[in-house]
Amino acid sequence: MTDIRTRADAIVVDSLAREWAVEVEGTSYVPMGSDELVEYLTEISADLVAALRARPVRAAVGHDAGRRLVQAHFTGPSTVERTLMLLGRRLPELLGDELREDVLALVGALAAGYATTLRDRTLDEQEAIRRAVIVARHQTEQALHASEARFRAMFYEAAIGIGLGDVHGRIVEVNPALTQMFGYTAQEMRRRTVGELAHPEDLPSVWVLYERLLAGELDNFCIEKRFYRKDGEEIICNLTLSLVRDERGRPSYQVAMLEDVTERHALQSHLEYQAFHDTLTTLPNRALFTQRLEHIFTTTPPGSARRVGLCFLDLDGFKAVNDSLGHDVGDLMLEEVARRLADQATDGELVARMGGDEFVVLVENSRGVEQLIALAERILTALAEPLELADQELTVSASIGIVERPVTGGDSSELMRAADITLYSAKADGRGRWALHDPSRDEAEITRFALSAAMPAAIEREEFFVLYQPLVAMGDHGMRGVEALVRWHHPRLGVLGPGRFIGLAEETGAIVALGHWVLASACRDARRWYDEFGDAAPFVSVNVAPRQLHEPSLLADVEQVLADTGLPSHLLQIELTERALTTDEGAPLKALDGLRELGVRIAIDDFGTGYSNLSYLRKLPVDVIKLDGSFGERLRDEEVTNTVDERIVGTLVDLGHALGMTVCAEGVETGAQASRLRRLGCDEGQGWHFAAALPREDIQEVLRHPDARSWPGPEDALASSVS
Amino acid sequence: MDEQDRERAPVRMLLPRGDGDGVTRPAWAPQEVDLDRPSAARVYDYYLGGSHNFAVDREMARRAIADWPELPQIMRSNRAFLRRAVRWCVAQGVDQFLDIGSGIPTVGAVHEVARTDDPAVRVVYVDVDPVAVAHSVALLDGVPGTGAVQADLCDVDGVLDDPVVRDVLDLDRPVALLVVALLHFVADDREPAAALARYRERLAPGSLLVLSHASADGAPDRAGDHIALYRRTATPMSMRPYDAVLRFFDGFDLVEPGLVPLSTWRPDGAADGDARVPGYAGVGRRD
């Protein structure tokens, strides 16, 4: 009987648990799968059925069942609802209606157990979560403390000044950098208001910005502003002012960050001053002058009657002062001249030093030419007073170029060019005077004049340079020598060929200095080649002008250059024009003899173009004749054979050889010409067929790689003439 | 509201936006504990029938449920998926778990579920909510082989190099990375895919990615409501479509049955297997 009932109860328990599981599944979150759920409910069901079977009924089991439901996390309200309904209905149905009262008691106990356990659990969980909040808060506070400590360190250690102010402008907090910057203690700072930090030089816009910031219209602004320190000293700061808002976005306080840039400012003004002033005389320099002049032209409206004028001034013979008395005295002279010029600038004129011994006085609003002339004369008079320099009395004079013209229709560079030219004309007219720019004078003439006048300074400034044209042996086209050819790298006009300035140099006598400079440069380069290539080094052929030949010091100069450079004399060739040799003066010939005795070779340049007294040739101390290019001209075209020209050249070659001279053909431009000249017996050739005038580095390349030279060999010419 | 909150906060969608310190609080400032604001972790606890929550949380949850009555069911389905997936991982021999966005892990905590099958399982819980983490720490006090860390999902190296993580887990061996019901609160601009790629790179071969994600598709009859809810609240929630969720598994091999509706991933009971519950779930293996 018991067995049967036990088996029957097992079936009851089983079906009850399954129905129960279906009822409550999904009503609470329990971490169980379906099978686990049924299993769990089966255990409880078994206990409930057993409790009902017991006598007396053990209602307390219901209490325990309620507890176990909560423990499994059946916390959803509908779980308990469905559970009570299911048990209240199904237990009597399954076990017999006579147990209805017992079931009610059991279910009631289950509800009580459930409620008690859930209440405890809820309270426990509430306590746990509150404890977690306390812990989290504590940790957050600690983190906040750490973060605040970092901030405090940042505030106190910052290298820039930081100040906090309220929206009424009261200073609330300042950091040590700020107190140091202002020389107040923190307490003293806190007694002040932002408004008290005003400076008379503040732009009104600063305080407009400030008001807008406090009104919340601006979040921040950054300006440079002056402040007074406690000791009254002025400092300049980069000020960044920021508005901090509260959580509702209303202005809450202001943060100022200040960086002291006083020193940087001082340095900057100093550098600016330096950039625009001459350190020796403290006068404005070229840059400032140019800026001011540009300003006149860019700001004067078209149609304005404004006139501008300037005196461009250059000391006469200043180089001699420097050379003879030394640069110290030269500098003292420049300072004194600057002072006297500045004294004459009584009408607001700008006096500037343009560099060297050049000064300019700018009249920004000229009343007419007379004003400028009067100014120039005043200046000349002022300079005429003797100068007491370094315990000696010196005189100085200057030349002045005056330009005076309307502003409209011109520009600053044109004005300066005119001033330049006019200054040179003043110098050419004699020292210590002024010249007025005359626009009707031929510009080209002026340029020519300007060039010749600029040449001495250009030689000093090394504006000249030398190119070398190879002189090749006609036999193998190997480079034997080079002719030194001078060029002028003019700062404004670019590279000028000798045609532009040699004639001028001869007229002015500058050729002597220029010739000497070329000789020295060429010998220096030739010596380098000799050092590197020894016997393979080319000789250098240097032109000497007639005027140089008449200088008594020529021989000594050459000797000196050879000694200075260490160039073996046989590597130097002097080229003279026929004209230079055919004058009847004896001195030149003596110089030539002297040169030959040194071992220097003499060549006659452009032979056949001058007064060709062939008999005279015999008497000349000459080693080389250079046939003028015109002789070879008609030998260039290989289709054309001209026996007359060939015969003339042949005769000249024979004549030269008969006198024991080397014959060099100039102006060789084609292969045909080269092979004909070779057949006619020319020893050397020069011309574009071989090479143009080359920089010294290119010559060096030819020497380094003789087989890789850029011009054709004699075989090439032969081959082409045969084919 | 803290922007990090959105990671775990289904209810965030019902909160007003733009008023919080997420806008003004710099990254290095400690997160505040503000009991005047609902916490996602505590609201989640409420959905699951827990009492680790306050009135403000319950109020928020009630409002959410009023708008979206299925929410508790979806939460339970997610939790059920987590339980099934964890047990499956243990069955695969993986005995280390990194549960990101763990919230308040009272009901069916990963270590409890896993340890029914393998008592040696080790688990680290990660969350950004300081209260949730403090609670986890208290809960795990005296439980060896577990730990809790406050960190952000997207700070991958911060998570993996945390001393607690290094202490509890051996990253040279496979780890199951749990990212359950989390990524739909991480907008694309925070580059969750890049974060997952980084986890993949750093975890040992054989590691598993356990992921579930809310989605508007898969529940076509509800999609309209979801979208309406969206619009009304302007939430940052990203209900990504199937393909977008699938891309989170780039570099992982999806295990059977692939990426499927939340409740149909290896169901084990009648309440599971209901394909109408919106959202997708899947597990991927890193080789």
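**Sheets, a helix and an interface**

Analyst: We may begin with one pair of residues: A:Leu350 stands opposite A:Leu362 in S8(A). This is a predicted model, in which local features need pLDDT of at least 70, side-chain atom pairs count only at pLDDT 80 or more, and totals for chains, interfaces and linings use all residues. Residues are numbered from 1 along each chain as its sequence is written, while chains are lettered from A and ligands numbered from 1 in the order in which they are written.

User: How many bridges join S7(A) and strand S8 of chain A, and in which sense do they pair?

Analyst: Strands (E, at least two residues) and helices (H or I, at least four) are DSSP runs, numbered from the N terminus. Two strands pair if DSSP finds at least two bridges between them. Here S7(A) and strand S8 (residues 358-363) pair in the antiparallel sense over five bridges.

User: What is the order of the five strands in the open sheet with mixed pairing?

Analyst: The order is S7-S8-S6-S11-S12 in chain A. Strand S7 (350-355) and strand S12 (434-436) of chain A are at the edges; each has a single partner strand, so one side of each is left without a neighbour in the sheet. On average, neighbouring strands of this sheet are turned by 20 degrees against each other, direction ignored.

User: Which helices pack on or lie across these strands?

Analyst: Contact means that the C-beta atoms of two residues, placed from the backbone, lie within 7 Å. Axes are lines fitted to C-alpha atoms, for helices over the stretch in contact, and angles run from 0 to 180 degrees between N-to-C directions. Helix H10 (residues 286-299) of chain A packs on the sheet, touching strand S6 (307-315), S7 and S8, and its direction makes about 125 degrees with that of S7(A). Helix H13 (residues 369-384) of chain A lies across S6, S8, strand S11 (398-406) and S12, at about 165 degrees to S11(A).

User: What is the pairing in the open sheet with the order S2-S1-S5-S4-S3?

Analyst: That sheet of five strands in chain A has antiparallel pairing. Strand S2 (171-174) and strand S3 (220-228) of chain A are its edges, each with a single partner strand, so one side of each lacks a neighbour in the sheet. Within it, strand S4 (residues 234-245) and strand S5 (residues 251-260) of chain A pair over nine bridges, with A:Arg245 opposite A:Pro251.

User: Where do the buried residues of H24(A) lie around its axis?

Analyst: In an α-helix there are 3.6 residues a turn, so residues three or four places apart point the same way. A residue is buried if 20 or more other C-beta atoms lie within 10 Å of its own, exposed if 12 or fewer, and partly exposed in between, with C-beta atoms placed from the backbone. The buried residues of H24(A) are A:Val649, A:Leu652, A:Val653 and A:Gly656. Seen down the axis, they fall within an arc of 100 degrees (taken from the directions from the helix axis to the C-beta atoms), so they line one face of the helix. On the other side, A:Thr643, A:Val644, A:Arg647, A:Thr651 and A:Ala658 are exposed. The cover over the buried residues includes strand S19 (624-627), helix H23 (629-632) and strand S20 (662-665) of chain A.

User: How many residues of chain A are in contact with chain B?

Analyst: In chain A, 27 residues are in contact with 29 residues of chain B. Helix H5 (residues 100-157) of chain A gives the most to the side of chain A that touches chain B, with 17 residues.
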